[in-house]
Amino acid sequence: MDKFDVVVVGGGHAGVEAAHSVFRMGLSCALVTLNIKNIGQMSCNPAIGGLGKSHIVREIGAMGGIMPIATDMSGIQYRTLNTRKGDAVQALRVQCDRDLYKKAIQKILKKTTIEVFDEEVMDIIIEKNLVKGVVTKTKTIKGAKTILTTGTFLNGKMYTGDIVSTGGRSGDPSSIPLSKKLYKLSLPMGRLKTGTPARIKLSSINIHKMEEQPGEKPTPWMSTYQKPKKHQKQISCFITRTNKKTHEIIKQSTHLSAMYSGNITGIGPRYCPSIEDKINRFKEKNSHQIFIEPEGINKDLVYPNGISTSLPKNIQTEFIQSIKGLENSEITDFGYAVEYDFVDPRSIKPTLELKTLKNFYLAGQINGTTGYEEAAAQGLIAGVNAAASILNKKELILERSEAYIGVLIDDLTNHGITEPYRMFTSRAEHRLLLSQNNAEQRLLKKAYKVGLVDKKRYNNFNEQEEEYKRFVNDILKKTKTKNFINNKKQKIKLSENKNIYKLLKRNDVDKHKLFKTNKTNKKHYKRAITETKYHGYIEKQLREVKKTKKQNNKKIPTTTNYSNISGLSNEVKERLNKNKPRTIGSAARMEGVTPAAVNLILIQLKKEELLKQKT
């Protein structure tokens, strides 16, 4: 029998972040996976980041996570999206070499004490409502805490037309015994669906008929701390579009799609629909954009992002070859839909521990999310909280105003899901505070306190912050001028000297011509421009956060019986009793809980407090 502090089941994005979090906190960890060769595998598109997602990756990095490091070890194209919008919603997206990303993750894990087991989990060890590890086909692996990160493998089934096969990903089996075990535990479970497009030989594509999409120069980095010495070779992506002929082929064959034949009952992601969905939902559109994304530097393969499908193979060939530049496409792997089990995330605490079983944590797609970044974030939080519990440290729960990860977990645990959950900047009501560029300022100190980040990095961060403060106070606030160039390239003369910092707050100043930077202070000046631009808005949001924080953080005893609160509707009572929100803020964000209902709960809590005082 093997024994560890923490047992992590699953070697995907959630699993590796969970295991590495445990390792960073100084505890022993077992990582149990179906196929040791596929640890860190990118199952779908070969990219990290993007709108609402790069924020999460930077937050993972700020807390010592490995996703941004592996991204930079494998990145073959970097592009910042939303550049015409404000800094808070700009997002870096990195096209990765699929094989190099997987190798990077495995290389990082090899430098740790994490012990990897190439095994299938058949059962969960439960004694008196406490989870104490797992049983595989060949051994028992015990742990004080167990984290389940099964991705799409729980009773996974893959569909291409009317062909159905078992598996959570092409080439990998599904986890059926573990799924049966979870159902036996009477957990609230359901089925979800995701999909992937065909893979096409790059050499069979005519890229000259397409729009080239080069990467960004100078090439940025996803990680803000640990970076390789240089970037991988940078290559272009390409853009083409579907057309009327493509749509006609798909329309005539929609009934053959697994999604429309009735074979699949799971709900698919609304924001990443199959090409069948797009054409049926957006009938007025004559074309849809397709991004041709290379799978690697020296790989004769592309990922056609935008044509995910579960149509039969012959129909896939026909509609793909109707697209400009893809007329002679050679398909190496056909697209498919995958359906899998998930657990209603309202059954977990904000620490990601199950409410009904102690020492048992869920992270990733098992909680109803979609996307590498969302999975990795949950893995990190599950790992740190499992380790913190063993070490008797304070749990790490991030507020909605502190991190996108806080928004993600709060949404899942309070609202649950009606479709695979994907992060967007619009989900964060305090998004002006949550730029992808200030993740370290928001989270590194918290990470250091709990043990996720070492002292060397913490000291380095503090030195950089002090350097920035000196730049602002000793240079920008002390350098004065009477002249500046405005946005219309006109020279403006002031009646009196103004310091650079004050001038940065003006909207009419050409900030790049206001102050001459050097190699040392260039990044500090860029940060100062952003901070002065948003200063007023951020101050306002901080006041709003402070105003509501005290009330929202008020604890609700787990023994509270909402059925006894007069004035609440039966529906709200039922939801509150079922989900047992831990704070007033959590209760307020639940569906159907109105401000009036919140006031009734507060009155009840006050009554109970007064009764306790009397006794």
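A charge sits over a ring if NZ of Lys or CZ of Arg is within 6 Å of the ring centre and within 35 degrees of the ring normal. Keep that handy for the first exercise.

This is a predicted model, in which local features need pLDDT of at least 70 and side-chain atom pairs count only at pLDDT 80 or more, while totals for chains, interfaces and linings use all residues. Residues are numbered from 1 along each chain as its sequence is written, and side-chain values use heavy atoms, with hydrogens and water left out.

**Exercise 1.** Find the distance of Arg427 from the ring centre of Tyr421, then do likewise for Arg527 and Tyr468.

*Solution.*
- Step 1: Arg427 lies over the face of Tyr421, 4.1 Å from the ring centre.
- Step 2: Arg527 places its charged end over the ring of Tyr468, at 3.9 Å from the centre.

**Exercise 2.** Describe the aromatic pair of Phe4 and Phe117, and state which strands hold the two residues.

*Solution.*
- Step 1: Rings of Phe, Tyr and Trp (its six-membered ring) pair if their centres lie within 6.5 Å; planes under 30 degrees apart count as stacked, over 60 as edge-to-face and the rest as tilted.
- Step 2: There are four aromatic pairs in the structure. The pair of Phe4 and Phe117 is edge-to-face, with 5.8 Å centre to centre and 85 degrees between the planes.
- Step 3: Strands here are DSSP runs (E, at least two residues) and helices likewise (H or I, at least four), numbered from the N terminus. Phe4 belongs to strand 1 (residues 2–9) and Phe117 to strand 6 (residues 115–118), so the pair ties together parts 113 residues apart in sequence.
- Step 4: Phe4 and Phe117 are both buried; buried means under 20% relative accessible area, exposed over 50%, partly exposed in between (1.4 Å probe, protein chains only).

**Exercise 3.** Classify the pair of Tyr448 and Tyr458, and decide whether Tyr458 is buried or exposed.

*Solution.*
- Step 1: Tyr448 and Tyr458 are stacked, at 3.9 Å centre to centre and 5 degrees between the planes.
- Step 2: Tyr448 sits in helix 12 (residues 439–450) and Tyr458 in helix 13 (residues 455–476), so this pair links parts that are 10 residues apart in sequence.
- Step 3: Tyr458 counts as buried, at 15% relative accessibility, whereas Tyr448 is partly exposed, with a relative accessible area of 27%.

**Exercise 4.** Name the aromatic cluster that includes Phe471.

*Solution.*
- One step does it: Phe471 forms one aromatic cluster with Phe515 and Tyr525.
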